[in-house]
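Try each task before you read its solution.

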Amino acid sequence: MSANLQEEVHQLHAHICSGLADPARILILYVLAEKSCHVNELATELNLPQPTVSRHLKTLRERGLVISKRDAQYIHYHLADQRVIAALDLLRAVMADNLKEQAQIALAAAQANQST
């Protein structure tokens with residue numbers, strides 16, 4: 001394994017994966033993929049306290065996943081790169097496939113138990 005790959009994986013984990021480590025942050029990214037929002041809009045949409053959303057936005061901003069832009073008294077947030085959503089969708093598809101496979105194995109095991 002190359003040293004470059006190892007370094008890239010460490011950077012990926014430190015910057016991107018740690019930003020995605022909380023489900024609320026992933027949901028924030030999905031909302032921002034649809035529209036630009038300020039913190040109160042996000043808090044309402046996700047039914048989360050505003051201080052919680054602010055903390056998550058700070059983490060996402062520090063990792064370069066969202067961009068903020070001041071507009072008068074509000075700070076609007078938007079997704080920095082749409083490819084993050086594509087990557088999340090791909091991971092969701094992998095998870096769905098894994099769950100289908102596990103369900104098929106469980107069904108086959110249950111049918112085998114019934115026939116014995």
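**Exercise 1.** In which helix is the place of Thr 52? Find out, too, whether Thr 52 counts as buried or exposed.

*Solution.* A word on the source first: this is a predicted model, where local features need pLDDT of at least 70 and side-chain atom pairs count only at pLDDT 80 or more, while totals for chains, interfaces and linings use all residues. Residues are numbered from 1 along each chain as its sequence is written, and side-chain values use heavy atoms, with hydrogens and water left out.

Step 1: Thr 52 lies in helix H4; helices (H or I, at least four residues) and strands (E, at least two) are DSSP runs numbered from the N terminus.
Step 2: Thr 52 counts as buried because its relative accessibility is 18%. The classes are buried under 20% relative accessible area, exposed over 50% and partly exposed in between, with a 1.4 Å probe and protein chains only.
Step 3: Val 39 is 13 residues from Thr 52 in sequence, and their C-alpha atoms are 9.7 Å apart.

**Exercise 2.** Work out the order of the strands in the open sheet.

*Solution.* Two strands pair if DSSP finds at least two bridges between them.

Step 1: S1 (residues 37-38) pairs with S3 in the antiparallel sense over two bridges, and Cys 37 stands opposite Tyr 77 in S3.
Step 2: S2 (residues 66-71) also runs antiparallel to S3, joined by six bridges; here Lys 69 faces His 76.
Step 3: Put together, the three strands have the order S1-S3-S2. S1 and S2 are the edge strands, each pairing on one side only.
Step 4: Look at the hairpin of S2 and S3, with two residues between the strands: Ala 72 takes a positive phi near 60 degrees.

**Exercise 3.** Which residues touch the most other members of the largest nonpolar core?

*Solution.* A nonpolar core is a set of buried Ala, Val, Leu, Ile, Met, Phe, Trp, Tyr and Cys residues joined through side-chain atoms within 4.5 Å.

Step 1: This core has 21 residues, and those touching the most other members are Ile 28, Leu 29, Leu 32, Leu 42, Val 53, Leu 57 and Leu 88.
Step 2: Two or more residues each come from H2 (23-34), H3 (39-46), H4 (50-62), S3 (74-79) and H5 (83-115). H2 gives the most, with five residues.
Step 3: Take Leu 32 as an example. Beyond its neighbours within four places in sequence, Leu 32 is in contact (heavy atoms within 4.5 Å) with Cys 37, Leu 42, Leu 57, Val 66, Tyr 77, His 78 and Leu 79.

**Exercise 4.** How many salt bridges does the structure hold? Trace the network that joins Lys 58, Glu 62 and Arg 63.

*Solution.* A salt bridge is a side-chain nitrogen of Lys or Arg within 4 Å of a carboxyl oxygen of Asp or Glu.

Step 1: There are five salt bridges. One of them joins Lys 35 and Glu 45 (3.3 Å, N to O). This pair links distant parts of the chain, ten residues apart: Lys 35 is in the loop between H2 and S1, and Glu 45 is in H3.
Step 2: Lys 58 bridges to Glu 62, with the closest N and O atoms 2.8 Å apart. The two are four residues apart in H4, so about one helical turn separates them.
Step 3: Arg 63 also meets Glu 62 in a salt bridge, at 3.6 Å, N to O. Through shared partners, Lys 58, Glu 62 and Arg 63 form one network.
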